[in-house]
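Please look through the structure below before reading on.

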Amino acid sequence: MKPIICALLVWSVLVNPAASVIEDDSAYIDYATPGTIPPIEIQQGSIAASCISITNHGNLCYDASLIFQDLPPGITVSPVQSQTIDTGEAAEYQITIHASENASVGTYTVRIADNIANDPYTWQSVELSVTTPPPPPTQAPTTRVTPIARGIPTRPYGEEGAEMGGMDASIWVRMIVIIGAAAGIAAVLLWRRR
């Protein structure tokens, strides 16, 4: 009986560490994977945003952030905060891409992966297009208006009311009407006195 008990004790000592090693190894299989990322387009000297999803297919919770590779010159990505992803859940990461004014124009393939400790990276490729900004809008030409008169407008010379001896024709007409009216009134008064 003693040999059987000793054999069981030896077997339990050997089997338990092997089981824990198997569990530990399974914990570090790549269960967290990024989803498909739509193409990103950005203009020189501007900012663009995108959303990246990481899904946990494993049986443990992971504390995950993102890492980036193959960023073209002049392109930077704002740091992404780490998130804890529960088993079977997905986490959304909002990233902000900055392009300097002299960023290289072209289409590039950028690689993005989850950064989980002791978990192999699963790289997801995304197409990043850097374009030149459109030229500034051209302003419509403005027509310059030349003022006709800067002071009191005067009537033009000629047939439409010419100035007579330095006076406007309308003044002459007014004076003739006033003198005629005064003469008519005087004539009526003289006639009544008779």
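1. In this predicted model, Val 77 has Ile 97 of β8 as its bridge partner. The two strands involved, β6 (residues 75-77) and β8, pair in the antiparallel sense over 3 bridges. Strands here are DSSP runs of E with at least two residues, helices are runs of H or I with at least four residues, and both are numbered from the N terminus. Two strands count as paired if DSSP finds at least two bridges between them.

2. Strand β8 also pairs with β3 (residues 47-56), again in the antiparallel sense, and here over 9 bridges. Within this pairing Ile 52 has Tyr 93 of β8 as its bridge partner, and Ser 53 stands opposite Glu 92.

3. Which residues of β8 point to the buried face? Along this strand (residues 90-99) they are Ala 91, Tyr 93, Ile 95, Ile 97 and Ala 99. Buried means under 20% relative accessible area, exposed over 50%, and partly exposed in between (1.4 Å probe, protein chains only). In a regular strand the side chains alternate between the two faces of the sheet.

4. The pairings belong to an open sheet of 4 strands in the order β1-β3-β8-β6, with antiparallel pairing. Its edge strands are β1 (32-34) and β6, each pairing on one side only. Neighbouring strands of this sheet are turned by 30 degrees against each other on average, direction ignored; axes are lines fitted to C-alpha atoms, for helices over the stretch in contact, and angles run from 0 to 180 degrees between N-to-C directions.

5. Asp 70 lies in the loop between β5 (66-69) and β6. Its phi is near 65 degrees, a positive value in a residue other than glycine. Asp 70 is partly exposed, with a relative accessible area of 48%.

6. For the protein as a whole, there are 2 helices and 10 strands, following the pattern α-β-β-β-β-β-β-β-β-β-β-α along the sequence. Of its 194 residues, 21% count as buried. Among contacts (heavy atoms within 4.5 Å) between residues at least 6 apart in sequence, 65% join residues at least 24 apart.

7. On the basis of the values: residues are numbered from 1 along each chain as its sequence is written, and side-chain values use heavy atoms, with hydrogens and water left out. Local features need pLDDT of at least 70, side-chain atom pairs count only at pLDDT 80 or more, and totals for chains, interfaces and linings use all residues.
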